[in-house]
Amino acid sequence: MLLPFGGLGMNSTMDDMNLIQAQRHLVRDLGEEIDLEIGPGDDDPSFANTPLIGGPTHEPSAEEHDDTKQMGIVSQLPNDDQDISKLQPVKRKKKVVKRWREEWADTFKWAYVDVKDGTARIFCSVCKEYGRKHRRNPYGNEGSRNMQMSALDEHNNSLLHKEALRLQMASKDKIVVDKPIYVKALMSKTAGSIIEAALKRDPHEVEFIQSVQEVVHALERVIAKNSHYANIMERLLEPERMIVFRVSWVDDRGETHVNRGFRVQFNQALGPCRGGIRFHPTMNLSIAKFLGFEQTLKNALSPYKLGGAAGGSDFDPKGRSDNEIMRFCQSFMNEIYRYLGPDKDLPSEEMGVGIREMGYLFGQYRRLAGQFQGSFTGPRIFWSGSSLRTEATAYGLVFFAQLILAEMNKELKGLRCVVSGSGKIAMHVLEKLVAFGGIPITVSDSKGYLVDEDGFDYMKISFLRELKAQQRSLRDYSKTYARSKYYDEAKPWNEKCEVAFPCGSQNEIDQADATNLVNSGCRILIEGSNMPCTPEAVDTFRKNSVLIAPAMAAGAGGVVAGEIELNHECNVMHWSPEDFESKLQEAMKQTYQRALKAADDFGYQKDNPEALVHGAVISAFLAIAQAMTDQGCV
C-alpha cells in the first residue's frame, strides 16, 4: 500500500484520517512545518489539473495513467526501497497539499487554487492574492501549529484580507463583465429596426435592451397595423431626463466615500412621475433606465394616469449604521430634491430602500423644500396616507393570481406555491397566500433557499420576520422546524409547485431554472419583481404553455396604494384593512380586464400563454402613445 506520506518514526498503519483533525486543522506528528505553496511533481502528475473550485474537470491523459501505474509499482518494492521512497520530502508535501486543498474546497468557498508561474497557489477569492500576507502570523506556515483557529477565521483575521474587504467596499471601479445580448427574432422589419436603433445607441445597457426587446416583441402587431406607432416608440425609448450625480458622504470613522446617484424620469405624457429608488451595489444607468421604462408602462396600465421614473445609487446599506445611512440619504437628497415634487416626480421604496431610508430622504427633502408637502409614498401614516403601503404590491400579486385561476375554474386553496426572495414583498405574499389557503413552501436569499414541506403558516412567517429583523440567516429556521431544509448556493425553482412567485430581482430565472419549473409542474408564473426571467427562460415558458402574469400588470398594487396615499380624502380619514383591500382588488380586476381586452383586440386569445404579457404592454403603450400624439412632438 502506498502511504499518503512517509517519514522516520511513522507507523505504517497510520491512515489519512490522522492528517485532518475534528477541527479540520492540519497537523504532523513530527512537528515539521509543511509548505503548502509548492508545484506539481512526478509522483502526482494529476495535482496541477485537479478541478478547482467551480472550475472544469480534467481527465488525465494516457501518459498520466502510465505515471500513476508506476506509482502503484513503488508500493510493491522491497522494504528497503520503500524506506528510501518514504524519505523523499517532496512527495509528502504534495500529498498533503492535495488532501488539504480538497478539504478546504468542500468546507470554505472563499479560497481557490490556481497556478502562478508554474506553481500551484492557494488564493483568496476576495483579494485574488496568495502567500504569507494572508497568515495571521506573517512568519508562520500554513500547515504548521500556527493554524490554531479554523482556516476561515485565520484568513478573515489576516490584515491583507481586511484591507481587501475595505478597498472592495470603497472602490468605485466596478468590474463589468460583458454579457452577450440575446436578440429575439422578429417578424416585422419595422420592429427589428427599432431594436437595431436601440442596440446602436446603447450597446452596453444589457438590462435596458432586454426590456425593450420584450416590449417591442409584444407590440409587433400594433406597429404593423399603424406605422405611426414606430415613431412614437422611438421617442418613448429615449428618457425625457436622465440625472447622474455624485453622492459624497462620511462614515462613522470619519472617512469620505463617493457613490453615484441616478434618477431617470422616463416619460411624463400621462402625468407626474412615480417610481422607486433602489440602493444596491449593482445599480447603474442601464438598470435605472430599465426600471424607469417598466414603471412607465406599469403606471400607464393602472387605473391612475401617471408618468414613470426610477433611480437609486450603487450604495450598499447592508452593514451600515443608521447614522451612516442617514448621512448618505441626506447627501443623496441634496442633489435630487430640485427635480422632485407632487407635480414633478415622487419617489417610492425599492430594493434596499425601506421605512428607514424613506424617512431620512423625506426629512431632508422637507428641510430643503421649506414646506411639508407629504409627497413621498411610504408606510408612515404621519407623513403619508394609507398604512398598508408595504402590503399593497404583494397583496396585488395574490389577487392577480386569484383572477387567473378563477378563469380556469380553480382557486389557490391547496396549491403548492414557490416564492423567491425574503424581503417585504415576499413576506406579504406568503401572508396572503396562507389567508387564501395556498401552501407557500419556499423563501430565498442571496446565499440559497429555504423549503418547508409542511408549508408556512402565520407563526412560521412571524419567525421568518424575526430572523430577518435580527439579520440572521434563513438557515437558522431549519434548527427550529425539523421538516425544513436550507440549500446553499441554490434556487427554489426545482421544488414541486403549481404557481411560482419570483420576488427577488431581475433575471433571477434563467433557462435552466425555467426548465426545472416546467418539470416541477408549474403552470402559472406571477412576476413579483421587474423582469425576473431571462429571454431564454421566457421562450422556455412560452413553448411549454406556462402562463406568465407580467409585473407591469400583477405589480400594479403598489401604484394603486401610492395614489390612495396621496389622495386628499385619504389624508383626513383612516382606511380599514378591509376597505383598502376591497379598493385594491377592484383596481387589480380593472387592470386584468384591460390587459385581456387589449390582447383580444389584436388577436391574442384568452387561453394563449402570451395573452396577458402582450395585452398589458399593448394597453399601456396605446395610452401613452395617444397622450404623446395629442401633445405633439415634445
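A: Arg-274 has Leu-346 of β7 as its bridge partner, and this pair belongs to a predicted model, in which local features need pLDDT of at least 70, side-chain atom pairs count only at pLDDT 80 or more, and totals for chains, interfaces and linings use all residues. Residues are numbered from 1 along each chain as its sequence is written, and side-chain values use heavy atoms, with hydrogens and water left out.

Strand β5 (residues 273–279) pairs with β7 in the parallel sense over five bridges, where strands are DSSP runs (E, at least two residues) numbered from the N terminus, helices being H or I runs of at least four, and two strands pair if DSSP finds at least two bridges between them. In general, strands of a sheet pair through backbone hydrogen bonds, either parallel or antiparallel.

The open sheet has five strands in the order β3-β4-β6-β5-β7, with mixed pairing. Its edge strands, each pairing on one side only, are β3 (241–250) and β7 (345–349). From one strand to the next the twist averages 25 degrees, with axes being lines fitted to C-alpha atoms (for helices over the stretch in contact) and angles running from 0 to 180 degrees between N-to-C directions.

As for the whole chain, its secondary structure comes to 23 helices and 15 strands, and 51% of its 634 residues count as buried, that is, under 20% relative accessible area with a 1.4 Å probe, protein chains only. Among contacts (heavy atoms within 4.5 Å) between residues at least 6 apart in sequence, 69% join residues at least 24 apart.

Notes: Buried means under 20% relative accessible area, exposed over 50%, partly exposed in between (1.4 Å probe, protein chains only).
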